[in-house]
Amino acid sequence: MSREAVGLRIMGDKMRYYRRLKGLSQVELAQGICTQATISLIEKRNKVPSMNILMRLIDRLGIELTDVVVENRNSTQKTLNQIDELIRLGQYEQANQLIEPISDKKLNQDDDQKRYYYALGMIELFLHQAPDEAIYYFGRTLTPYVTSDQDLFGIMATLGLGLAYAEKKEFNRAKVYIDQSLQMLTRVPLADTKYLTVELSIYWNISRIYFELRDFNAVRQFSEQGIRIAVQHKSLYLLDELYAIQARALHAAGSADANERYEIALALARVNHASKLAQSLVSEMGFNAPNSETA
């Protein structure tokens with residue numbers, strides 16, 4: 001492939017669609033530009049020999065370049081991956097800065113649209129404290145981009161709705177979405193380690209909502225599930241937060257086990273350099289201020 005075409009992702013099915021719409025055969029489209037085999041290569045394998053050939057073909061079809069290629073696909077996907085990671089780390093300000101230049105009109109793939117709207121929902125909820133806006137974006141994530149109840153972003157967006165309604169203090173409605181996300185979670189094979197952070201995030205957020213609902217037994221149950229999974233995979237991701245929410249639930253329930261969980265949560269928060277969490281835990285545990293310095 002010519003260096004001119006590097007970085008372009010051709011959508012061969014779109015090329016075939018516009019060719020047929022124009023009433024041209026492969027031979028007729030190729031005439032004077034390239035071979036029929038080149039058209040077949042484009043339509044079946046999403047490959048084009050050069051930018052010059054591609055531009056002449058789209059001119060003959062009377063379409064725009066953006067109709068048949070994914071522009072800056074790699075760059076956009078990298079940015080969305082960065083945003084996903086920042087969301088998982090709770091760094092919503094940084095995620096917001098990255099997502100602002102992105103236009104949903106330039107996202108040609110359903111998966112990218114889904115990730116984009118989910119991220120906006122989380123940013124609205126946790127950065128701007130705007131649950132109604134968050135509900136709107138989570139809804140955009142689910143319809144029409146999520147077509148299966150085994151879709152991980154569908155599960156997260158459903159849980160996001162629960163978080164948004166919990167923020168609005170509409171706890172009964174929040175619980176409906178929590179239960180729905182839990183049911184969806186049981187049907188997803190989450191053994192793949194690349195989904196581990198998603199699974200742990202689900203258990204943490206579920207625990208947080210049940211804490212707001214003051215169902216401390218449920219908090220202990222779901223936080224313990226998250227802790228077990230994290231330990232099993234030797235992951236520190238959200239492990240400090242899971243221990244912290246469990247400690248708070250135990251304390252609220254008057255359990256003597258709360259102190260031990262607080263100590264574990266504080267140690268993990270320091271290992272993870274989670275200074276805000278560590279400071280909160282120190283305050284809750286009644287420690288003196290000099291001991292609140294984190295590693």
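This is a predicted model: local features need pLDDT of at least 70, side-chain atom pairs count only at pLDDT 80 or more; totals for chains, interfaces and linings use all residues.
Me: Which residues are the closest to its centre?
Reply: Arg88, Leu89, Gly90, Trp204 and Leu238 are the closest, out of 33 residues that line the largest pocket.

Me: And which helices supply at least two residues of that lining?
Reply: Helix 5 (73–88), helix 7 (110–126), helix 9, helix 11 (196–212), helix 13 (239–252) and helix 15 (275–285) each do.

Me: Which helix gives the most?
Reply: Helix 11, with six residues of the lining.

Me: How do the lining residues divide by class?
Reply: The lining of the largest pocket has 17 nonpolar residues, eight polar and eight charged.

Me: OK, staying with helix 11. How does helix 11 cross helix 12?
Reply: The axes of helix 11 and helix 12 (residues 216–232) come within 8 Å, and they cross at roughly 165 degrees. That angle is why helix 11 counts as roughly antiparallel to helix 12.

Me: Is that crossing left-handed or right-handed?
Reply: Helix 11 and helix 12 cross in a left-handed way.

Me: Which residues make the contact?
Reply: On the helix 11 side you have Leu196, Glu199, Leu200, Tyr203, Ile206, Ser207, Tyr210 and Phe211. Helix 12 brings Phe216, Ala218, Val219, Phe222, Ser223, Gln225, Gly226, Ile229 and Ala230. By class, the contact of helix 11 with helix 12 has twelve nonpolar residues, four polar and one charged.

Me: New topic: helix 9 and helix 10. At what angle do they pack?
Reply: Helix 9 (residues 152–167) and helix 10 (residues 171–186) pack at about 165 degrees, with their axes 7 Å apart. So helix 9 is roughly antiparallel to helix 10. The crossing of helix 9 and helix 10 is left-handed.

Me: Which residues meet there?
Reply: From helix 9, the residues are Gly154, Ile155, Thr158, Leu159, Leu161, Gly162, Tyr165 and Ala166. They meet Phe171, Arg173, Ala174, Tyr177, Gln180, Ser181, Met184 and Leu185 in helix 10. The contact of helix 9 with helix 10 divides into ten nonpolar residues, five polar and one charged.

Me: Where is Lys169, and what is its phi?
Reply: Lys169 is found in the loop between helix 9 and helix 10. Its phi is near 65 degrees, a positive value in a residue other than glycine. Most residues other than glycine have a negative phi, and most peptide bonds are trans.

Me: Speaking of peptide bonds, which residues does a cis one join?
Reply: Thr143 and Pro144, with omega about 5 degrees. Pro144 is in the loop between helix 8 (131–142) and helix 9.

Me: What does Glu241 touch, leaving out residues up to four places away in sequence?
Reply: Glu241, which lies in helix 13, touches Trp204 and Leu277. The C-alpha atoms of Glu241 and Ser201 are separated by 9.9 Å, while the two residues are 40 residues apart along the chain.

Me: Last one, at the other end. How do helix 1 and helix 3 cross?
Reply: The axes of helix 1 (residues 12–22) and helix 3 (residues 36–45) cross at roughly 125 degrees and come within 6 Å. Helix 1 and helix 3 are therefore oblique to each other. Gly12, Asp13, Met15, Arg16 and Arg19 of helix 1 make the contact with Ile39, Ile42 and Glu43 of helix 3.

Me: And the classes in the contact of helix 1 with helix 3?
Reply: Three nonpolar residues, one polar and four charged.

Key:
Residues are numbered from 1 along each chain as its sequence is written. Side-chain values use heavy atoms; hydrogens and water are left out. Axes are lines fitted to C-alpha atoms, for helices over the stretch in contact, and angles run from 0 to 180 degrees between N-to-C directions. Helices (H or I, at least four residues) and strands (E, at least two) are DSSP runs, numbered from the N terminus. Angles under 35 degrees count as roughly parallel, over 145 as roughly antiparallel, 65 to 115 as roughly perpendicular and the rest as oblique. A crossing is left-handed if the near helix is turned anticlockwise from the far one by less than a right angle, and right-handed if clockwise. Contact means heavy atoms within 4.5 Å. Ala, Val, Leu, Ile, Met, Phe, Trp, Tyr, Cys and Pro count as nonpolar, Asp, Glu, Lys and Arg as charged, and the others, Gly among them, as polar. On a 1 Å grid over the protein atoms alone, a cavity is a set of points where a 1.4 Å probe fits but cannot get out, and a pocket is an open set with protein on both sides within 12 Å along at least five of seven lines; lining residues have an atom within 4 Å of a point.
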